[in-house]
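Below are a few notes to read alongside the structure, in numbered points.

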2 protein chains.
Amino acid sequence: MTGQPTDANVSEREAVLEAARRAREAAVDLAARTRADKDAALGAMAAALEARTVEIVTANAKDVERARAAGTSDAIIDRLRLDDQRVRAMAAGLRDIAGLTDPVGEVVRGYTLPNGLELRQVRVPFGVVGIIYEARPNVTADAAGLCVKSGNAVLLRGSSSARESNTAIVAVLRDALVATGLPADAIQLVPGEGHDAAKHLMRARGLVDVLIPRGGASLIRSVVEESTVPVIETGVGNCHVYVDADADLDMALTILLNAKTQRPSVCNAAETVLVHADVADAFLPRALSALREAGVTVHGDERVQAYDPAVVPATEDDWYTEYLSLDIAARVVGSLDEACEHIRRYGSGHTEAIVTRSQEAARRFIQRVDSAAVVVNASTRFTDGGEFGFGAEIGISTQKLHARGPMGLPELTSTKYVLVGEGQVRG
Amino acid sequence: MTGQPTDANVSEREAVLEAARRAREAAVDLAARTRADKDAALGAMAAALEARTVEIVTANAKDVERARAAGTSDAIIDRLRLDDQRVRAMAAGLRDIAGLTDPVGEVVRGYTLPNGLELRQVRVPFGVVGIIYEARPNVTADAAGLCVKSGNAVLLRGSSSARESNTAIVAVLRDALVATGLPADAIQLVPGEGHDAAKHLMRARGLVDVLIPRGGASLIRSVVEESTVPVIETGVGNCHVYVDADADLDMALTILLNAKTQRPSVCNAAETVLVHADVADAFLPRALSALREAGVTVHGDERVQAYDPAVVPATEDDWYTEYLSLDIAARVVGSLDEACEHIRRYGSGHTEAIVTRSQEAARRFIQRVDSAAVVVNASTRFTDGGEFGFGAEIGISTQKLHARGPMGLPELTSTKYVLVGEGQVRG
C-alpha cells in the first residue's frame, strides 16, 4: 500500500479480511468432517469439472485472448491454455486425492503420563491456508483439492492473467461443495486485483494460518518479505551434481544428462556440475561433448573452459543462477569439502547429488550438505512428491521450519495435544 | 531503525550479521558432532558454571544494583537475582540436557521406492537459532544447552537489564566449549544494545534459521511483526476451564482452583471459567466462595454477578486478558458450542480444559476447540514440557507451523531427505 489508505483500498482490504473470516467459519465446519464426507466432495468436484468443461474452456479462451493481445510468449500461453483433456486431467487429479489417506486424526505420538493422564498428539488441519501462485490454472483445482482433503479452507490468489479461468473453476468447485453439504466458503478466490489484494492477504495474521507461495523467485521473495502470516517458502532450486574422485564416470554422465536435460524447466533440474580435479581429465571432455550434443550451453570456470572452446566463461552470478533452461554452470573443485563449501555458498538448499563409489565420501557429503534432499548416485530429478510416493504435492519447501522438501497432505496439517484424565491436578 | 542509517547503526548491523556468519560456520561444525561430543561439552559447561560461580554472581550483583537504582519492583529483581543455589540449578539443568536422547540423526521415516532408491527422512539441526528473551538470566544457560544438544549454534539476545549476568555466563560457556574442542561461536550474545540490535537479528534471513521469542505478549508481537526470519511464537496463554452440564462438580472445583491458583504467573494457568447454565446454580455459589477464600478476584458477566456481590463486572477486555495474577474472568454459557465459540473468539490457542462425565461432550469439545492442548478432566497446568516427559522445554508454541505446544529437543530440529541409489535416473 502506498501512502495513506484511500477509500478504495480500505474497502478492498475489508473485502479480503471478510473473505478470510468466512474461510475461518468454513474451516471450523470442515475440520469436523469425516474422510467419507471429504472424499464425496472431491468426487463431486471432479464430476462437476467434467460436466462443466465448456464453461471453463470458454472462460479460459478469454484469458488466452487477453494474453495474446498483450504479446505474451507462446510458452506462457501454452501453460495458461485449458482444453477438454486438461480439464479431465484436473478432475483425475481430484479423484487421486480422494484416494489418499486422510492425514487428519492421525495420532503422531501417544502415551500415558506417570500421573495417569493419557496424552495423544493428533494431526489437525491448519484452518485457513492461503496459496499465491502464478499462471497455470490447473493449480486452482489441485490446491483446492489438497486443502479440502486435509480439512483446510483455502484462499486462492492466482495470477491476474488467469482471472477468468480461475473464477470459472472456483465457481464450479464451490457448487460441488454445496451439493455435498460442505460450506462453499471452504474454497474462495481472494477478492481484488493487483499487489494490494495480495498484500492484504499477507497481513491477515490471525485469520490466515499459513501462506504458501508457488512461483518464481521474485514472487516468493516478496511474500517472505511482506507477510506477517507464517510462510512456507517453496520451489527455488539451484541444484548441484558433484562428480567425486571415486565416481563411476559412466554413471556420472548418465545422471548429469538426466538431471540437466530430462526436464530443464523444473526446480529439481541440475543447474551446476562440480567435478573433482582428479577425474576432470577423464570426465570433462566426454561430459562437455555429450552436453553440447544435448543442446546444453556450459558456463564454466577457467579449468572447464580449457577442455572445450564452446564453454562460455562463468561469472560469479552463474553460480547463483537457477537457469530453468538448457544451460549449466560447471566448475572443477579440489576436494569434496570444496564442493560442499560451493554448495553452501551458492545453493538454494533444494537438492544436491553426489556420484561416488566411496562410502566415506557419500557419508561426508550427506552430513555436510544442508539441503532439503541429498542424493547419492541418482538424479536430482527424484525430489518430487509423486516420486516419493506422497501421491500429491502442494510444493517443495526449501525452508527448514515445519516442512522441508516435497510437501504432501500431512505437511498441510498441524497437531494438537489431547490430554484425558480423571481429575488430575498439579501438586 | 528510525530514519536513515547512521554510521553507528550501520556498523551495529554489520556486527550482528558478522556474529550470525560466525554462528553459521560454527553450526556446520556442530552439525557433524556425535552425541558423545555434545554431552561432553554440556558436562564441561555445567562444571565451568559451578567453578566460576563467584564471577557470575559478582556480575549479576551489578545488574541487580542497576535495577534497584532504576526503581525496579522487588518481584522482577527476584527473577533477575543469581546466587550459588541458582547457579547450581543452571548447571544441573545442563546435566539433565546431556542425559536426554539426541534428536539429530533420528530417521523419521524411511522406505525403498519402486525404482530401488532408498529414501530416509532424517532429523538435522536447524543451523542457527536466535532466542530473544526477557529478564531471567538462567534462560541463557538453558537455551544454550538445548541448542548445543540439538546441534544448533545460538544467538542469544537477553534483556539489557541482565547484560552483565548474561555476558559472564556466556563467557564461561564459550570457554567450556573450547576446552572440549567445540567452536566457541556456537554460543554468542547478539552484539549491541537497544531495539536496533534485535531488529538486525530479526532481519538476518538466510543467516539465522529460526527466531524464538520468549517473554510477554508485546515482545512476541514485535518479533512477529518485524521479523523476516521464520519465527516460532510462544507462550501467551489465555486458558479456559469449561464446566459442562454433565460435570462432576467436586472435580470441577478442584481443577478450577488448581488451574487458577497453583501458580498464577505462568502461561498455562486458567484465566477464564465458563459454566454451563444447567449447573450454574449448583456450581457457582461454591466456586465463587472458594475462589474468594483463595484470594481470587472474579470478573463476571451479569449472571455470575447475581451469585455474589464481590464479583467485579467483566468488560469485553476481560475476556481477552491473560491476567497472570489472582484474577479470573467468569461467564455462564447456554451450551457447549457457546463455550467453544467463546474460546475461539477470545482464546490465545494455548490450553483449554473441559470438565465432564459425558463422552459425547468431551469428544465434541476436543474436536471444536483449536488450541495447542485440549484437556479433559484435568488441570490446564499440565501443558508443560517437563510434565509431558520431554525432559526440557525451549518454550510453548501457540502457533500452528512446525511446533505446537511444549517444544522439546526434536522441535529444535529440521529434517532432510537422503536418497541412495545405484545410478537411477528419471524416465
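What distance separates the centres of domain 1 of chain A and domain 2 of chain A, taken over C-alpha atoms?

1. The centres of these two domains of chain A lie 35 Å apart, taken over C-alpha atoms. Please keep in mind that this is a predicted model. In the domain assignment, domain 1 of chain A is made of residues 8–233 plus 406–419, while domain 2 covers 239–387.

2. On to the interface. Chain A puts 73 residues in contact with 73 residues of chain B. About 6100 Å² is buried between the two chains, with carbon and sulfur atoms giving 54% of that area. A:Leu401, A:Tyr417 and A:Arg426 together supply 14% of what chain A buries against chain B, more than any other three residues.

3. Ten salt bridges are counted between chain A and chain B, along with 43 residue pairs in polar contact. Strand S16 of chain A (residues 413–424) gives the largest share of the side of chain A that touches chain B, with eleven residues. One of the salt bridges pairs B:Arg426 with A:Glu387, their closest N and O atoms being 3.3 Å apart.

4. Do have a look at B:Glu352, found in strand S12 (residues 351–355) of chain B. B:Glu352 is buried but has no salt bridge; B:Arg404, the nearest side chain of opposite charge, is 8.2 Å away. Its side chain does make polar contacts with those of B:His240 at 2.9 Å and B:Ser371 at 2.8 Å. Other residues that B:Glu352 touches include B:Ile343, B:Phe365, B:Val369 and B:Val375.

Notes:
Residues are numbered from 1 along each chain as its sequence is written. Chains are lettered from A and ligands numbered from 1 in the order in which they are written. This is a predicted model: local features need pLDDT of at least 70, side-chain atom pairs count only at pLDDT 80 or more; totals for chains, interfaces and linings use all residues. Side-chain values use heavy atoms; hydrogens and water are left out. Domain bounds come from an automatic or database domain assignment. Helices (H or I, at least four residues) and strands (E, at least two) are DSSP runs, numbered from the N terminus. Buried means under 20% relative accessible area, exposed over 50%, partly exposed in between (1.4 Å probe, protein chains only). Lys and Arg count as positive and Asp and Glu as negative; His and the chain ends are not counted. A salt bridge is a side-chain nitrogen of Lys or Arg within 4 Å of a carboxyl oxygen of Asp or Glu. A polar contact is a pair of N or O atoms within 3.5 Å; within protein, one must be able to donate a hydrogen and the other to accept it, and residues adjacent in sequence count only if both atoms are side-chain atoms. Contact means heavy atoms within 4.5 Å. Buried area is the accessible area (1.4 Å probe) that two parts lose on being put together, summed over both. Lists of a residue's contacts leave out its neighbours within four places in sequence.
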